[in-house]
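Subject: Structure handover

Hello,

Here is the structure for you to look over. My notes follow below it.

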Amino acid sequence: MKREIEVFPDHAALALAAAERVTAWCSEAIAQRGVCRMALTGGESPKPLYALLARPPFAERLDWSRMQIFWGDERCVPPDDERSNYRLAWENLLNRVPIAAEQIHRVRGELPPADAAEQYEVELRACRMTPAGTLDIILLGMGADGHTASLFPSKDRFADRAQVKRNRTETSQTVSQADALHERERWVVAQPAKMPPLVPRVTLTPLAINAARHILFLVTGEQKAKRVAQVLAGPYQPDELPAQAIIPQHGDLHWFLDHPAASQL
Ligand code: 6PG
């Protein structure tokens with residue numbers, strides 16, 4: 001597995017490098033296969049990257065007519081809700097570039113979580129071109145607890161199952177954190193949230209994420225420094241540190257960190 005860790009002085013420098021890298025990957029995918037399928041992430045970390053991709057010179061370098069846009073995870077809220085990952089990407093990027101509605105494959109966060117997960121999986125599988133290839137690019141963030149996408153830590157599997165039982169009434173048919181991390185068939189599952197916003201989530205499983213060609217983590221801020229060091233340099237314990245479960249099968253893995261996030265490495 002090819003893993004690259006790059007450290008940048010600040011969030012702005014990280015976003016600029018990410019914009020360069022992402023546009024290069026998109027162009028390569030389009031040149032080689034005629035299409036680029038990219039999954040976006042939520043949270044604060046990608047905002048400066050989205051802003052850069054939305055304007056020159058990056059917006060003009062990309063052939064938006066060949067892009068297909070997906071999400072790594074979504075909060076179960078309507079698309080116009082301010083907590084929606086779709087809304088974040090729409091307002092900061094998609095609304096500002098020449099892309100058609102049919103190129104945007106959002107998770108239907110307004111549906112019951114299990115239905116939204118099922119529909120999204122069907123949509124993803126319908127877009128797949130080859131048995132081996134799914135997404136060309138997946139952008140990911142990491143929380144201070146080591147979660148990524150909506151794959152949350154589950155210290156104690158037994159306790160986790162009990163919690164999921166309680167959550168089931170609230171979130172209808174989510175699967176446990178441990179089960180999501182070790183899923184062997186489904187590409188998409190519904191999850192109870194462990195962090196704010198405390199709404200159910202729909203997330204790609206590691207099975208789907210790890211099939212991607214390029215996986216790029218964007219992580220900033222000192223509050224994540226300890227976890228970054230544990231994930232990148234500590235023992236392998238993906239149930240506690242779900243970001244460690246991201247190990248591309250054939251593709252490459254990139255961690256873009258700012259100095260504060262890398263300060264304990
Ligand atoms: C979400 C995510 C989540 C996020 C991390 C980091 O929907 O919240 O996709 O995995 O990427 O929590 O979030 P920040 O970038 O805001 O720190």
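Which strands do the buried residues of H9 pack against? First, some ground rules. This is a predicted model, where local features need pLDDT of at least 70, side-chain atom pairs count only at pLDDT 80 or more, and totals for chains, interfaces and linings use all residues. Residues are numbered from 1 along each chain as its sequence is written, and side-chain values use heavy atoms, with hydrogens and water left out.

Now the answer. The buried residues of H9 pack against strand S1 (2–8), strand S8 (214–219) and strand S9 (252–258). Those residues of helix H9 (225–233) are Ala225, Val228, Ala229, Val231 and Leu232. Buried means under 20% relative accessible area; exposed is over 50%, and partly exposed lies in between (1.4 Å probe, protein chains only). Packing rests on contacts, meaning heavy atoms within 4.5 Å. Helices (H or I, at least four residues) and strands (E, at least two) are DSSP runs, numbered from the N terminus.

The whole chain

The chain has 9 helices and 9 strands. Its radius of gyration is 17 Å, close to the 18 Å from the globule rule for 265 residues, so the chain is as compact as a globular protein of that length. That radius is taken over C-alpha atoms, and the rule is 2.2 Å times the number of residues to the power 0.38. The C-alpha trace spans about 50 × 40 × 35 Å along its principal axes. Of the 265 residues, 58% count as buried. Take the contacts between residues at least 6 apart in sequence: 75% of them join residues at least 24 apart.

The loop between S2 and H2

Two residues here deserve a look. Serine 45 sits in the loop between strand S2 (36–40) and helix H2 (47–53). Its relative accessibility is 10%, so serine 45 counts as buried. Setting aside residues up to four places away in sequence, serine 45 touches His11, Leu218, Thr220 and Lys224.

Proline 46 is in the loop between S2 and H2 too. Proline 46 is buried, at 1% relative accessible area. Beyond its neighbours within four places in sequence, proline 46 contacts Thr41, Leu88 and Leu218. The C-alpha atoms of proline 46 and leucine 139 are separated by 8.2 Å, though the two are 93 residues apart along the chain.

Best wishes
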